[in-house]
Amino acid sequence: SPNEEIVAGYLNSNHTDLIVIHIKNSNLPAIELIKLIKSIQPYIYIAVIVDQQDLHLIVEPLRLGAFDY
């Protein structure tokens, strides 16, 4: 998809140590974004900001490789 191409292009042409992702409600695109980032740059740090204390919104990003929430 075009969005995947934008993310991939950015990660491949810029040195990035940390990405911060804000997840609102059950934001499935954010989960997919984490998967995409990790598939391109598996060692990049991802921090997640979550609006709610929904366990799924906390556990799923950590399972996918986010290092903090």
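Why does Ala 66 count as buried? Its relative accessibility is 6%, and buried means under 20% relative accessible area, with exposed over 50% and partly exposed in between (1.4 Å probe, protein chains only).

## Basis of the model

The model is predicted, so local features need pLDDT of at least 70 and side-chain atom pairs count only at pLDDT 80 or more, while totals for chains, interfaces and linings use all residues. Residues are numbered from 1 along each chain as its sequence is written, and side-chain values use heavy atoms, with hydrogens and water left out.

## Overall architecture

The protein contains three helices and two strands, arranged from the N terminus as α-β-α-β-α. These elements are DSSP runs numbered from the N terminus: helices are H or I with at least four residues, and strands are E with at least two.

Of the 69 residues, 35% are buried. Among contacts (heavy atoms within 4.5 Å) with a separation of 6 or more, 63% join residues 24 or more positions apart. The accessible surface is about 4700 Å², and carbon and sulfur atoms hold 55% of that area; the Shrake-Rupley method with a 1.4 Å probe supplies these areas, and for residues only the protein chains shown count as cover.

## The strand pair

Strand 1 (residues 18-23) and strand 2 (residues 45-50) pair in the parallel sense over six bridges; pairing requires that DSSP find at least two bridges between the strands. Within this pair, Ile 21 stands opposite Val 48 of strand 2.

## Surroundings of Ala 66

Ala 66 lies in the segment after helix 3 (55-63). Leaving aside residues up to four places away in sequence, Ala 66 touches Ile 46, Val 48 and Pro 61. Ile 34 is 32 residues from Ala 66 in sequence, yet their C-alpha atoms are 7.6 Å apart.

## A buried lysine

Lys 38 belongs to helix 2 (residues 28-40). Lys 38 is buried and has no salt bridge, defined as a side-chain nitrogen of Lys or Arg within 4 Å of a carboxyl oxygen of Asp or Glu. Asp 17, the nearest side chain of opposite charge, is 12 Å away; Lys and Arg count as positive and Asp and Glu as negative, with His and the chain ends not counted.

A polar atom of the Lys 38 side chain lies 3.0 Å from the backbone oxygen of Pro 42. Beyond residues up to four places away in sequence, Lys 38 touches Tyr 43, Ile 44, Ile 46, Leu 64 and Gly 65.

Notes: A polar contact is a pair of N or O atoms within 3.5 Å; within protein, one must be able to donate a hydrogen and the other to accept it, and residues adjacent in sequence count only if both atoms are side-chain atoms.
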